[in-house]
Structure formats: C-alpha cells, structure tokens
Amino acid sequence: MSRKSRIASGIILMVAACIGLWLFLYRGSSSLAASYIPATPDMTGWAAPWVTQMKAIESAAEKGSIRDLGDLGLNYHANGFFQEASLVYEGMMRLDPSDPLWPYLYSDILSGFGKLEDAIELLTTTLGLDPTYPTARLRLAEGLQKLNRTDEAEAGFRKCLEDNPKDFHAMIGLARIHMDRKDWDSAEQMLRQATLIRPSLGAPFALLESVYTQSGKPGEAANARIAGTGKPAHEDPPDPWKDHLIDRCQDPYRLRVAAATPRYENDSLAAIALLERAISLAPQDASIHRQLGMLLFRNTQPQAALSHLRKSVKLDPVDPDGWAYLVHVLTESGQSIEAENQTVIGLSHCPEAPGLHLERARQRIASGDYTSAIRSLQTLIRLRPEESVGYVELARAYFASDRIDDGIAQMKKALEVEPGHPVAITTLALHAIESGDQAAARRLLLDAKAQLRVPPSDIQELTTAFSNQFGSQP
C-alpha cells in the first residue's frame, strides 16, 4: 500500500472514530438529559397555547436537546413549578456545567424553601464560574448572615461595596451586623448613607428608628419613623438572571404581584404591559382590572383607567376598593356628578366601605352639607379608628360649621392616633397661640419643628404668630 493510501486510510479511521465517539457521547447525553425531565404536572386551567408549547419543549428535551431541557426548567420556574424546575436545574448543572445561570437559579428556589446551606453552596459555585455577577455575591452574603456566619457575611457585604460603593442592599446588611454588635454609631452612619441612596424605601428608616431608640435618642427615632411612613419597606436588588423569568410567566397572579413590586415603580409602561398580559390570561379577574386602572391613572391615562375600573366594579360589585378607586379617579378627572352617583351606588353594594364614606363626606363638604358629611366621617372613624384621616376630616367639617371646640377635640384625637401628624400639630399650635395658651403653644411649636413632614413655611408662620401674640420667641 502506498504512503498516500496509508495516510488516507488513517484519516478515514480517525474520522470514523470521532463520529463513533460523538455518537456515543450524544447517546449518553441524550439519555442523561431525558433522565432529568420531570413528570408533567397538572396544568388544568392553564392557557392552552402555553400547555401545547410546554409539551413541544418536553418532547424535544426527551430526544436529547439540552437547550430545550434548560428551556423547560426556566418555564417551570417562572410559573411556580419549583420541584420540576429543581430537577431540571440539577440536570443542567451536569450537562452544561460551565453556565453559572443554572446553580444560581437553583439556589433561588432552595432559598425560598429555607434550604440556606444548600443555596450557599450553589451560590459559591455560581461565583466560581462568574465572580463578576454582583447579585450572586450579595445573595451569598445575605444567606451567610441568616445562618449567623457573621464574619463571612461581613466580608461579603464589604466586597459588594468595594465593587459598588452605592450598593444599597449591602449597606443594609452591614448596618444589621453593626446593630447585632450594638455598634450604634457605625449602624447610624451606614443607614444614613442608605437613606440618601434610596430615600423612597422604608427599610433604612425603620432600622434607624431602632438604632435611635436603643441609643437613647427618642426625638430622632420619631423623625425616622415619620420619614419612613408610607414607603415600601423593601425592594429586590437588580437581578437580570432572575428577572427575565417574568417574560415566561403565564400565571395571572404572579404577573399582578410582579407589577406591584418597587422594581416597576419607575417603569410604569413595563408594569402596564404585565397587567395587560395578566388580563389576556384572566379577563374576568376584577382585581387585575382595578390594579391596571389605578396604574393607568397614575400614568396620566384617565379614560383608559376609568374603563378598567368600571369593568372591575362590574365584575366584583362587593369589592370596596374597586368603588373607592373609581370614585377617586372620577373626582380627580373633574366628573363630580358621576363621582357622586357612583359613590351612592358603591355604598349600596358596600355599606361598610371606609373609602367610600370618606369620598361621600368630601362631596358633602364641597356642597355645604356639613351635617351629612359629619355622619359619613363618624362612620369612617367607627370603621377605621386607628387611622388619622377620619379625625382630621371630621375636624375640618366641624370648623366649617363653626364648631371650633369639637374640631379641636378631633385634631387632638388625630394626634393621639398618629403622633406628629403635620396638619393636626400645626392646627393645634395655631389654636393655642390664638387662645393665649403660651405653654401649650411653645410645646406644640417645638414638636412641630421636630417633625420632618411639617413644611418650613408653616414653622415660620407659626413662629411669627407666636412672637406677635406673646412678644417673644418660642
């Protein structure tokens, strides 16, 4: 045999061997992929097109498609089938071991089940594959903190801050560690930085209140509590690896919850898109129409908002929130007569709806019918005695009907329910000044100065009134 023939034969044998090896590995990986396909869960009630799509993906995965196996797991995860997704992720970690996405998403599921030790191991694997993903490092530090592995958690949070000095969540984590060590000064410093970075969130203010209370600063504690009132407590950190799952979600409830998270606070168009997708899946769900209606109104689309709010009360006429939101939007849109009509209809369906009684009272005050307004506000207070709004509005109704003493009494009740309420405290301070009660006026004015929600212009007006009345500074 010639030299060329021998070379050609050798090449043929090598190619054949490679093909054989490839076929062997393919059959092996195909069999392995199939072994990680979970039993199909009950999908009764789910959208038919999605069920069909899932069957097609499962069929491709059964034939050995690793890509489709991963796709199957992502879809299961996105729609709350966590056991099924977990099995798929275990398979993907073996079949696609260089991709950090699989251990990261698996850690998310295990964390939700409280299996923190296993989640930490997976997060460590994730960072070994991609040490640049900040949320994985943050999640690892948070998990270590929950397991009281404080020194390791602190090192993790500090690494997060080295990479991003404005990492809000790492600041909160470190502040908690300082608080556990009773290092109040360090905790205060860290939390103050956090409030500057994310002033719209309540968590740092709530922690500051605790820090000030523990360190004997009741005035600062009260200010921190007031500053955090009404703000969402928490917001998840940016997490593109997990956030993309929402694009696969077919569960209307999960879409609703996602649209209401702080993540979408500054992205109303994306939140609207989620709710519109939820309605396409559950068009008879009144709560989704209500939520979308209010979001559209905040996005300056009042007519579209009213359409969904009317649909909401039609689908669920005994939902007090639907009626309250509908009346509110009608009022804000200048449709006062229609707002009054819908208030009456709403109260016929929901006679114990606090929001409707408040709207009814405001309508009656606007028309000068203070007697009816007072009755509505008394009902509101009976229904919600723990909220200040009823007392403040009732006081205003009394003042408008020249029942000053009754109005002052209600403002005092408002201040008892919500210490530091700006309207109540400034009203009572002005009344004390005009009544010549210098001691009460000074005390209330000093309290007002300590409240962050009282505008400086109001403080200046009260100070001037005090000086004019008593001839001295408070």
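**Helix α10 and the overall form of the protein**

In helix α10, the buried residues are Trp 184, Ala 187, Glu 188, Met 190, Leu 191, Ala 194 and Thr 195. The model is a predicted one. An α-helix has 3.6 residues a turn, so residues three or four places apart point the same way. The cover over the buried residues of α10 includes α9 (168–180) and α11 (203–214). Helix α10 itself runs over residues 184–197; at 1.5 Å a residue, its 14 residues should span 20 Å, and this agrees with the 20 Å between its end C-alpha atoms.

The protein as a whole contains 26 helices and 0 strands. Its radius of gyration is 31 Å, whereas the globule rule gives 23 Å for 474 residues; the value is well over that of the rule, so the protein is more spread out than a compact globule. Along the principal axes, the C-alpha atoms fill a box of roughly 125 × 55 × 35 Å.

Of the 474 residues in the protein, 45% are buried. Among contacts with a separation of 6 or more, 52% are between residues 24 or more positions apart.

Notes: Residues are numbered from 1 along each chain as its sequence is written. This is a predicted model: local features need pLDDT of at least 70, side-chain atom pairs count only at pLDDT 80 or more; totals for chains, interfaces and linings use all residues. Side-chain values use heavy atoms; hydrogens and water are left out. Helices (H or I, at least four residues) and strands (E, at least two) are DSSP runs, numbered from the N terminus. The radius of gyration is taken over C-alpha atoms; the globule rule is 2.2 Å times the number of residues to the power 0.38. Buried means under 20% relative accessible area, exposed over 50%, partly exposed in between (1.4 Å probe, protein chains only). Contact means heavy atoms within 4.5 Å. The expected span of a helix is 1.5 Å times one less than its number of residues.
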